[in-house]
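Welcome! Take a moment with the sequence and the 3D view below, and then let us look inside together.

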Amino acid sequence: MMPTFPRRVLTSPAMWLLPFAILFFAFQIAPLIWVMISAFKTPAGWGLANFQEIATSPFFRQAIGRSLEISLMSSVLGLAIAAVTCHSLHRCGPGLTRAMIAFTNMTSNFAGVPLAFAFIILMGANGMLTLMLERLGIIDDFNLYSRTGLIVIYTWFQIPLGILLLYPAFSTLKGEWREAASLLGANRLAYWHHIGLPVLWPSLAGTLTVLFANAMGAYATVYALVNTSYNLMTIRIANLVSGDLFLQPELASALAMVLVVILVIVTLIQQWLMRRSYHVTSR
């Protein structure tokens, strides 16, 4: 006979959340616990030797520094472009807005190897766009496989995600506020300084955090573009697991924990800034 459950159990919200909780634990919590345990495992037993090697190795410090630099710059640039785009979309007609949102949804899924291949065709050493800009005299020497090229490609896949996250926030800006500020003698700069940005600040800070995390964890696109020739955290983690002759999964786990700690610190800073923002404290 099939087991029977009381009606109260079947209608309980916790019962319906159980499958999600199981999947979340299996694919999020359990791997994180395994990585945490493995990070402290050394050939001599248990200890902090893996973290000490990361802290003392110029190679790993360079990977962390470059990842932080590219992620921060691409996140700020992507957020700025996404904010301007969202503001423009709210001033356009509904037809164009729907078309742009649909296009953004499509481009937000265009990442990984296809995105890297598209950039190689457009902006590689013999790319169509690169050759055209060189003939026009706009650029002299652009290297897609350098720091500048990585910032460009990172910013590209940050923009659609930023638009999707920020677009609903711009709906909270009411036209009456701009009119009232204008009647009181405020210009456009004063309106954004005293009204627009304080209202949007929580969304801007949250979006910047998501974009930063998205950039720090990016792997497929950068690997397809530069392989292992550029030193980044995700590239190093992958090489320690599957790319080197002598695999070091414990060291990879320690580097992954450093990545987790960085993202946690960034999230805590974002939460602290939001609590101090005018939009939150004025309630």
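## The largest cavity

The largest cavity has a volume of about 50 Å³, where a volume is the space filled by probe spheres set on grid points. A cavity here is a set of points on a 1 Å grid where a 1.4 Å probe fits but cannot get out. By this rule, the count is one cavity of 30 Å³ or more. This is a predicted model, in which local features need pLDDT of at least 70, side-chain atom pairs count only at pLDDT 80 or more, and totals for chains, interfaces and linings use all residues. Residues are numbered from 1 along each chain as its sequence is written, and side-chain values use heavy atoms, with hydrogens and water left out.

## What lines it

Lining residues have an atom within 4 Å of a point; for the largest cavity they include S67, I70, S71, Y154 and M233. The lining of the largest cavity holds seven nonpolar residues, three polar and no charged.

Which helix gives the most to this lining? It is α4, with three residues. At least two lining residues each come from α4 (58-89), α10 (188-216) and α12 (233-243).

## The whole chain

The protein chain has 14 helices and two strands; these are DSSP runs, of at least four residues for helices (H or I) and at least two for strands (E). Along its principal axes, the C-alpha trace spans about 75 × 75 × 45 Å.

Of the 283 residues in the protein chain, 34% are buried, meaning under 20% relative accessible area with a 1.4 Å probe.

Key
On a 1 Å grid over the protein atoms alone, a cavity is a set of points where a 1.4 Å probe fits but cannot get out, and a pocket is an open set with protein on both sides within 12 Å along at least five of seven lines; lining residues have an atom within 4 Å of a point. Ala, Val, Leu, Ile, Met, Phe, Trp, Tyr, Cys and Pro count as nonpolar, Asp, Glu, Lys and Arg as charged, and the others, Gly among them, as polar. Buried means under 20% relative accessible area, exposed over 50%, partly exposed in between (1.4 Å probe, protein chains only).
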